[in-house]
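Thanks for taking a look at this one with me.

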Amino acid sequence: DTTVAAVDFTLGAACALDGMLLADYPGPKAQIHYDGQPAPEFFCDTVEMLSMLLKPEQARKVKAVYVQDMGQAHWEEPKGHWIDAKTAFYVLGSKRHGSMGPTIGSFAQEADATKFAAEHGGKVLRFGDIKADMVDLSGGALHDTRM
């Protein structure tokens, strides 16, 4: 099994789900590398990536998934600092926003995630603790119907 390296997105890179430009939004980005596809699919928000991966109908073979380490990357303009999404620590329910409104912070180190949660609210979880009903895309900025 070959390991696929993370690739940085270019200025014109668009989100696989909604076509929004990654560079236009704050917060951690994500990328999924599918078997048989030379380039990864990018997501302008960790919530979008998680919702794709946790869908029961997600049948494509995933070779690798990366998120940005927000303990290292700048929240407003994150670049680089890609880490394996499955080993990352996530903060759900913080006050920090990404492209879709409330987002899920991703971190390489538990200490960084804990510090972020202490400053911005939220709960620290591992990848395996995140369930499909926690990543609700309907709450996003573009589709916000809940008042």
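This is a predicted model: local features need pLDDT of at least 70, side-chain atom pairs count only at pLDDT 80 or more; totals for chains, interfaces and linings use all residues.

In what order do the four strands of the open sheet lie? The points below begin with that.

1. **Before we start.** Residues are numbered from 1 along each chain as its sequence is written, and side-chain values use heavy atoms, with hydrogens and water left out.

2. **The four-stranded sheet.** The order is S2-S1-S3-S4, in an open sheet with antiparallel pairing. Strands here are DSSP runs of E with at least two residues, helices are runs of H or I with at least four residues, and both are numbered from the N terminus. Two strands pair if DSSP finds at least two bridges between them. S2 and S4 (82-84) are the edge strands, each pairing on one side only. On average, neighbouring strands of this sheet are turned by 25° against each other, direction ignored; the axes behind such angles are lines fitted to C-alpha atoms, for helices over the stretch in contact, and angles run from 0 to 180 degrees between N-to-C directions.

3. Five bridges link S1 and S3 in the antiparallel sense. Look for Ile-32, which stands opposite Val-65 in S3. Leaving aside neighbours within four places in sequence, Ile-32 is in contact (heavy atoms within 4.5 Å) with residues including Phe-43, Met-49, Met-52 and Leu-53.

4. **Helix H1.** Is H1 (residues 46-53) enclosed or open? Eight of its eight residues are buried, so this helix is largely enclosed by the rest of the structure. Buried means under 20% relative accessible area, with exposed over 50% and partly exposed in between (1.4 Å probe, protein chains only). The buried residues of H1 pack against S1 (30-34), S2 (41-43), S3 (62-68), S5 (89-92), S7 (101-102) and S8 (105-107). At the start of H1, the backbone nitrogen of Val-47 has a side-chain oxygen of Asp-45 within 3.1 Å.

5. **The nonpolar cores.** A nonpolar core is a set of buried Ala, Val, Leu, Ile, Met, Phe, Trp, Tyr and Cys residues joined through side-chain atoms within 4.5 Å. The largest one has 33 residues, and Ile-32, Met-49, Val-67 and Tyr-90 have the most contacts inside it. S1, S2, H1, S3, S4 and S5 each give two or more residues to this core, and the largest share, five residues, comes from H1. A second, separate core of nine residues includes Ala-73, Trp-75, Phe-107 and Ala-113.

6. **The three-stranded sheet.** Another open, antiparallel sheet has the order S8-S5-S9. Its edge strands are S8 and S9, each pairing on one side only. The twist averages 30° from one strand to the next. Helix H2 (residues 110-120) packs on this sheet and touches S5, S8 and S9, its direction making about 10° with that of S5.

7. **Strand S5.** Which residues cover the two faces of S5? Phe-89 and Val-91 lie on one side, Tyr-90 and Leu-92 on the other, and all are buried. S5 pairs with S8 over three antiparallel bridges, where Tyr-90 stands opposite Ser-106 and Phe-89 has Phe-107 as its bridge partner. Four bridges join S5 to S9 (residues 123-126), also running antiparallel, and Val-91 stands opposite Val-124 there.

How values were computed: A polar contact is a pair of N or O atoms within 3.5 Å; within protein, one must be able to donate a hydrogen and the other to accept it, and residues adjacent in sequence count only if both atoms are side-chain atoms.
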